[in-house]
Amino acid sequence: MFTSWRSFKRAPHETHWRERKMVPCTLKNKYYFWASTFGNIHGNFQMHKSFTFVGLNLNLSDCPPLGLESLKVSDDQLESSSYLSVGLGPHRGRLNIQSGLDDDDEYDGAWCAGVEDQEQWLQLNALRPTLFTGVILQGRNSIWSLNWVRTYKVQFSNDSSVWQPCMNGSEEAVFIGNEDLETPVLALFPEPSVAQYIRINPQTWFSNGTICLRAEVLGCPVPDPDSPHFSETESGSSDDLDFRHHNYNEMRKLMKSVNDKCPNITRIYTIGRSYTGLKLYVMEISDNPGKHELGEPEFRYVAGMHGNEVLGRELLLNLMQYICREYNRGNQRVIQLVKDTRIHLLPSMNPDGYETAYEKGSELSGWALGRYSFEGIDMNHNFPDLNNIMWDAQELAINKRRVSNHYIPMPEYYTSTEALVPEAPCARDIPFVLSANLHGGELVVTYPFDCTRDWIPRQDTPTADNDFFRWLATVYASTNLVMANPERRICHSEDFLQHNNIINGADWHTVPGSMNDFSYLHTNCFEITVELSCDKFPHASELPIEWENNKESLLLYMEQVHRGLKGVIRDKDTRAGIANAVIKVDGLGHDIRSAVDGDYWRLLNPGEYKITVWAEGYFPRIRHCSVGSEPHATICDFTLTKTSQDRLKQILASGGKIPRDNQVRIRAMRMRKLRASTKILNRRREQQRLNKIKRK
């Protein structure tokens, strides 16, 4: 009899699987007994269990993945009977691991046995007594070959020498595996067993392939009475936050609760709806919510662009809870951040995709389910490709300096279709200065450009602000507790440690139409991408430690919005702010513009800068401004004088008379022009006379 996910399908509103019978298990010649109840809450594969051991009271809420996918399980804990090559060794037998472009390299997409028989196995050493409750299996990740295991057995051991099979009543249990490369298949054990070691023993496999698999093992660490060390539970977070996965309705409730607790500094608004009608909610945090304050920079975090990359969503929900709580507690760092910054948190840019992945759960959604929108659109490839519009214009231009390097308008083909992603329409409504969008599936921070020139698959393609973007990426990567660990294992096939965990986006893989590039070329906003975790959909039990891994990075990165220069550009006569003034930094080929009230923010590294500001109808103004190393922007204000022609237009439009001094100035200016034109005419006549003499 096979025991697999397929035999435990549930009705849409069913919340519990079924109560298991009490079964005995031996551990070091001691007998323990437990009763367990398996459950599934909202498709998250959170199995509710309670265990009663002889002499011990043990209450465990669920048996999570042991961490093959999340890399909590080290390579040293995995062994196999044989392997086909180094790149197909037991260390590659991890759920959702991705291969490189070529098969048979160092980073292949599964464990593959070196021998094709029923004696092959993949073994995990849990390092401590563990209640093993199930296994999840996948085939080999490859675009060139088809390999997966169709059926398998499981054995347990306390010493890796004597093995006991997983039983289903009086028979050895045989579990159903895969029928394709990517779909994860869950098998719950009929009789969960306590042991230190577990083996997956393939019995049949795809007929045109060989023995290859990726796996995750589910289990609960068991306190050992003989070893006080093993009774210690793993530390998570000291912050009392709501560490769980939140579906759409639960996310709305959490955001509402934060707003209720901190009504004076929070506001919830929406930027549109998804294809199925789910609202895209944003949490604004500011000491004056709902209003742009003169001189105060706007910051945003965006998560959930790919619906199945869920860690960013939960981190932003944690972040809004944390800021609210710490503000009320008087945390001076948080108070200063709220006072000086207008913060916008968009936890779910693709709620349709998230709901699809959430329904399957953290281990069963695979690598791609929920990535795309309901219409099948990859949102991070769906912004207008302004890079090639700019580069093509530069190629054709005689004077490349006249080609706009900022505020590039969206092309007509884009605005005339329904291709526009929900974030784009309000891109300039709020003058964002700095942003980061949170993804998952790797551990690296990328910075623009994301798109290569000439459609090269990958090539370093820096912006004019490359040095500052590298600084921004380093700020996040160097303070992230996992990225900063020099001993960490690479996630899949790219060794980002050699780049200090940062890389130019286009040098990783080209992404035309990315939000990072769009923000940089269409608005004033500098934006990076943070790949938060090897696991796109971490189990709920891992969320507390993931919060600790990212908390300082999230806070410190927000504080970078206060680097560089800031100021207000005003009319000299009226003192009113001048909107849409161009701010140019000498030596940097990327300009920015002032906001509606005339305020601006130019992110820059420490140094001395020559700044030129000009606006339509005004004389340009030049100033030299110094940027220090402190995280406080240098104030560099400008006052611009209207050109004479524009001043006259303004006076005449108001029905006034031209002042006498202006009349004298105009006559003098006309006389200068007349003299200059007369000189030019006389020179031409003289040149013509000399040419006639030469011809004679």
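Modeller: Buried means under 20% relative accessible area, exposed means over 50%, and partly exposed lies in between (1.4 Å probe, protein chains only). The two form a salt bridge, with the closest N and O atoms 2.9 Å apart. A salt bridge here is a side-chain nitrogen of Lys or Arg within 4 Å of a carboxyl oxygen of Asp or Glu.

Some ground rules. This is a predicted model, in which local features need pLDDT of at least 70, side-chain atom pairs count only at pLDDT 80 or more, and totals for chains, interfaces and linings use all residues. Residues are numbered from 1 along each chain as its sequence is written, and side-chain values use heavy atoms, leaving out hydrogens and water.

Now the wider set of pairs. Side chains of opposite charge can pair when their charged atoms come close. The whole structure holds 27 salt bridges. Another one joins the side chains of aspartate 108 and arginine 140, at 3.0 Å from N to O. Aspartate 108 sits in the loop between strand S7 (78–80) and strand S8 (111–112), and arginine 140 in the loop between strand S9 (122–138) and strand S10 (149–157), so this pair ties together parts that are 32 residues apart in sequence. Helices (H or I, at least four residues) and strands (E, at least two) are DSSP runs, numbered from the N terminus. Aspartate 108 counts as buried, at 0% relative accessibility. Arginine 140 is also buried, at 5%.

Next, arginine 458 and glutamate 494. Their side chains meet in a salt bridge of 3.1 Å, N to O. The pair links distant parts of the chain, 36 residues apart: arginine 458 is in the loop between S22 and H7, glutamate 494 in the loop between H7 and S23. Arginine 458 is partly exposed, with a relative accessible area of 39%. Glutamate 494 is partly exposed too, at 24%. There is also a network of salt bridges, which links Asp239, Arg325, Glu326, Arg329, Glu548 and Lys551.

The loop between strand S22 (444–447) and helix H7 (466–479) contains phenylalanine 449. The peptide bond from proline 448 to phenylalanine 449 is cis, with omega near -5°. Aspartate 454 is in the loop between S22 and H7 as well. Its phi is positive, about 60°, although aspartate 454 is not a glycine. Aspartate 454 is exposed, with a relative accessible area of 65%.

Asparagine 501 lies in the loop between H7 and strand S23 (502–504). Asparagine 501 is not a glycine either, and its phi is positive, near 65°. At 6% relative accessibility, asparagine 501 counts as buried.

Arg672, Arg675, Lys679 and Arg683 form a positive surface patch. Patches are made of residues with over 30% relative accessible area and no salt bridge; like charges are joined within 9 Å, nonpolar side chains (Val, Leu, Ile, Met, Phe, Trp, Tyr) within 5 Å. Lys and Arg count as positive, Asp and Glu as negative; His and the chain ends are not counted. The place of a charge is NZ of Lys, CZ of Arg, CG of Asp or CD of Glu. Arginine 672 is in helix H12 (residues 660–695).

For packing, take helix H4 (residues 351–360). Pro351, Asp352, Gly353, Tyr354, Ala357 and Tyr358 are buried there. The buried residues of H4 pack against helix H1 (248–261), strand S18 (279–285) and helix H2 (311–329). Contact means heavy atoms within 4.5 Å. Glycine 361 follows H4, with a positive phi near 115°.

The protein has 12 helices and 32 strands. Of its 696 residues, 56% count as buried. Among contacts with a separation of 6 or more, 74% come from residues 24 or more positions apart. The protein exposes about 31500 Å², and carbon and sulfur atoms supply 51% of it. Accessible areas come from the Shrake-Rupley method with a 1.4 Å probe; for residues, only the protein chains shown count as cover.
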